[in-house]
Amino acid sequence: MSSGELGVDSLVKDYVAERRANRVIDGISFSIESGHLYSLLGPSGCGKTTTLRCVAGLEQADKGTITLGADVLCRPGVHVPPERRDIGMVFQSYAIWPHMTVFENAAFPLRVTRPRVRADEVRRRVESALALVRLDGLGGRMATQLSGGQQQRLALARALVREPRVLLLDEPLSNLDAKLRDQMRGEVRELQQRLGITTLFVTHDQAEALSMSDRVAVMGDGRIAQEGTPTEIYQRPQTKYVADFVGKVNLVDATVVEWTSSDTVALAMLGERIAAPCPGGVAAGEQVLLSIRPEEVRTHRDRPDLPNLIEGVVQRVEFLGDMCECTVLAGGQRLLVRHSPWQRPEVGQTIFVELRRESCTVLSEQHGIATGRPS
């Protein structure tokens with residue numbers, strides 16, 4: 001195992017309340033390759049922050065093992081304290097000391113570490129860390145005089161000043177406004193790649209996880225529901241929970257009619273017959289879900305000579321600047337469709353919705369998933 005590879009195996013964490021154990025982390029396992037950014041994505045209460053705190057050593061796991069390279073950080077009978085784990089951490093609140101200068105905030109981890117760091121080495125490391133996050137020249141300013149984005153950079157500099165093997169990020173962008181958040185996620189990702197530092201990132205924001213990560217684990221109820229690359233998570237969800245949580249999606253009840261080829265079935269849905277790729281083992285008559293993203297749905301004003309067409313009526317049109325979002329009533333169910341703003345239909349207009357085979361994912365609780373997308 002490389003020195004920067006982080007491993008979590010069969011991790012369990014219970015909180016006891018009113019004499020009852022509440023399982024917050026339920027046996028999760030994952031590994032992060034050295035130099036990669038790995039995101040835990042999920043709603044509040046799913047266990048993602050508790051997992052990160054166990055990795056940091058701020059919480060003691062009840063079961064399981066955490067390793068960093070060849071070093072064991074946690075296992076039954078072993079709990080290495082946070083200050084000896086060679087990690088840097090950025091909290092959601094930044095935890096900036098308001099009575100300290102920018103320089104002293106960044107230097108704080110070096111001031112309290114043992115053995116003591118020489119003054120000249122402290123200055124070298126702090127100036128280097130501040131330069132990394134583009135705060136060089138601001139060391140003498142009070143931390144309260146920084147903007148929100150600058151405070152976020154200062155928190156990063158303080159986490160990096162010890163030159164840790166692993167960086168832990170606990171929703172570090174959530175306190176920023178939308179435009180600055182978009183800017184900072186690019187900056188954080190660029191810095192992480194430039195330093196080549198192994199990073200565990202916790203977020204509830206899908207755009208952050210999908211845009212910044214090498215791999216993403218979607219969490220729910222203390223477990224990992226699905227792990228994969230951002231493309232796999234978004235385009236090939238394995239469960240209804242993942243499809244519904246990550247981005248907007250159309251989930252349509254369907255019945256398998258028959259197999260039409262080795263990897264394709266005919267589905268009865270929305271009053272029409274639709275061809276879609278399907279998991280092996282699915283039988284005629286089985287109830288499944290068809291998942292398709294709104295941007296993958298195509299519409300036509302006149303009926304074209306194409307498969308997988310459903311007639312519908314436009315119920316709502318919403319202009320969102322860079323796109324137009326439409327609600328179409330088809331077969332008694334509402335479908336969400338995203339268009340170029342220059343091609344938006346009119347409310348009340350009859351259109352033909354095309355659900356292309358290669359854009360469809362069939363979800364079966366018994367047999368898993370299948371999709372026509374290339375790997």
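Why does Asn 308 count as buried? Its relative accessibility is 8%, and therefore Asn 308 counts as buried, a label given to residues under 20% relative accessible area, with exposed meaning over 50% and partly exposed in between (1.4 Å probe, protein chains only). Asn 308 sits in the loop between strand S16 (298-300) and strand S17 (309-319), and its phi is positive, near 60°, although the residue is not glycine.

The structure is a predicted model, in which local features need pLDDT of at least 70 and side-chain atom pairs count only at pLDDT 80 or more, while totals for chains, interfaces and linings use all residues. Residues are numbered from 1 along each chain as its sequence is written, and side-chain values use heavy atoms, with hydrogens and water left out. The average pLDDT of the protein is 91, and 97% of the residues score at least 70; pLDDT is the predictor's confidence in each residue, from 0 to 100. Among the elements, S3 has the highest mean pLDDT (98) and strand S22 (residues 368-371) the lowest (56). Where pLDDT is low, the predicted coordinates should not be read in detail.

Helices (H or I, at least four residues) and strands (E, at least two) are DSSP runs, numbered from the N terminus. At the start of the helix, a side-chain oxygen of Asp 177 comes to within 3.2 Å of the backbone nitrogen of Lys 179. After H5 comes Gly 196, with a positive phi near 65°.

Buried residues of H5 include Leu 180, Met 184, Arg 185 and Val 188. The buried residues of H5 fall within an arc of 165° seen down the axis, so they line one face of the helix; the arc is that of the directions from the helix axis to the C-beta atoms. On the other side, Lys 179 and Gln 193 are exposed. Among the elements that cover the buried residues are strand S3 (37-41), helix H3 (119-132) and helix H6 (206-212).

Arg 185 belongs to H5. Leaving aside neighbours within four places in sequence, Arg 185 is in contact (heavy atoms within 4.5 Å) with Leu 173, Ala 207, Glu 208, Ser 211 and Met 212. The C-alpha atoms of Arg 185 and Ser 211 are separated by 8.1 Å, with the two residues 26 apart along the chain.

Definitions and conventions. Polar contact = N/O pair within 3.5 Å; in protein donor to acceptor, adjacent residues only side chain to side chain.
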